[in-house]
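The sequence and the model come first.

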Amino acid sequence: MLGTAQIISYIAALGLAAAIPGPGMTALVARSVSGGAVTGFTMLTGLILGDLIYLSIAVFGLAMIAHTYTSLFTVIDWAASVYLSVLAWQFWRYQPQAISIDQKATKRELASAWFSGLTITLGNPKTIAFYLAILPLVISLDNVSLQIWGMMLVPLTVFVLLAVGAIFIFAALRIRHFLTSAEAQRLLFRSAGCIMMLAAFGMVAKTL
């Protein structure tokens, strides 16, 4: 079992990493502003699933494979950077629309939000760095069993990311009234696009 100190360290490290604005949380705010709470929380589930995938990779020792087959993961890094670049372009080209507080999101919009959350996390260099580099410094992964992974790490990860993500979503909903102008929406989405493009450059830079 994990000790109290390790649990607290993991919660603090993950919470801090999630709270630092990056592609994921920036996109979450933008989607919450444009689509509302349901869209925001749907995207958050995709973001959390991406984190759980990387957590599982780290816990089950696949990080060693990542370091061994560097050429394969170089291709993955480049693919992730291309996808982030496409998202950045879409956010930059976003056409402001009138925000309707009572408008319900369609199933297609929710599916798009979920998939965007998942793929942004999988291509987020900050998330990759946390689980494959920082996590082993916080928790001794050699002592993590399947039971500890399923009964402790997964619930803790979901709880922390849900809490942090909810703060960003509710903050976004609070400022929706101030983003009714086209210029304000354009500024928000273009800022998100710039952050995603910087993340894409970061993915490429680490392979050079």
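Helices (H or I, at least four residues) and strands (E, at least two) are DSSP runs, numbered from the N terminus. On that basis the chain reads α-α-α-α-α-α-α-α-α along the sequence, with nine helices and zero strands. The model is predicted: local features need pLDDT of at least 70, side-chain atom pairs count only at pLDDT 80 or more, and totals for chains, interfaces and linings use all residues. Residues are numbered from 1 along each chain as its sequence is written, and side-chain values use heavy atoms, with hydrogens and water left out.

**Chain totals**

- Of the 208 residues in the chain, 44% are buried; buried means under 20% relative accessible area, exposed over 50%, and partly exposed in between (1.4 Å probe, protein chains only).
- Among the contacts in the chain with a separation of 6 or more, 91% join residues 24 or more positions apart, where contact means heavy atoms within 4.5 Å.

**Helix pairs**

- Two packed helices are described by the angle between their axes and the distance between the axes.
- Axes here are lines fitted to C-alpha atoms, for helices over the stretch in contact, and angles run from 0 to 180 degrees between N-to-C directions.
- Angles under 35 degrees count as roughly parallel, over 145 as roughly antiparallel, 65 to 115 as roughly perpendicular and the rest as oblique.
- A crossing is left-handed if the near helix is turned anticlockwise from the far one by less than a right angle, and right-handed if clockwise.

**α1 with α7**

- Helix α1 (residues 4-19) and helix α7 (residues 125-138) have axes that come within 11 Å and cross at roughly 160°.
- At that angle α1 is roughly antiparallel to α7, and α1 passes α7 in a right-handed crossing.
- On the α1 side the contact is made by Gln6, Ser9, Tyr10, Ala13, Leu14, Ala17 and Ala18, and on the α7 side by Lys126, Phe130, Tyr131, Leu135 and Val138.
- These contact residues of α1 and α7 comprise nine nonpolar, two polar and one charged; Ala, Val, Leu, Ile, Met, Phe, Trp, Tyr, Cys and Pro count as nonpolar, Asp, Glu, Lys and Arg as charged, and the others, Gly among them, as polar.

**α2 with α8**

- The axes of helix α2 (residues 23-35) and helix α8 (residues 146-174) come within 8 Å, crossing at roughly 40°.
- That angle makes α2 oblique to α8, and the crossing of α2 and α8 is right-handed.
- From α2, Met25, Leu28, Val29, Ser32 and Val33 meet Val164, Gly165, Phe168, Ile169, Ala172 and Leu173 of α8.
- The contact of α2 with α8 has nine nonpolar residues, two polar and no charged.

**Helix α6 and Gly117**

- Helix α6 (residues 107-122) has 16 residues and spans 23 Å from its first C-alpha to its last, close to the 22 Å expected at 1.5 Å a residue; the expected span is 1.5 Å times one less than the number of residues.
- Its buried residues are Leu110, Ala113, Ser116, Gly117, Leu118, Thr119, Ile120 and Thr121.
- Gly117, in α6, is buried at 0% relative accessibility.
- Not counting residues up to four places away in sequence, Gly117 touches Met43, Gly46 and Leu47.
- Gly117 and Gly24 are 93 residues apart in sequence, with 6.9 Å between their C-alpha atoms.

**Two buried threonines**

- Thr42 lies in helix α3 (residues 37-59) and is buried, with a relative accessible area of 18%.
- Leaving aside neighbours within four places in sequence, Thr42 is in contact with Leu110 and Trp114.
- Thr127, in helix α7, counts as buried at 9% relative accessibility.
- Thr127 touches Asp51, Tyr54 and Thr121, not counting residues up to four places away in sequence.
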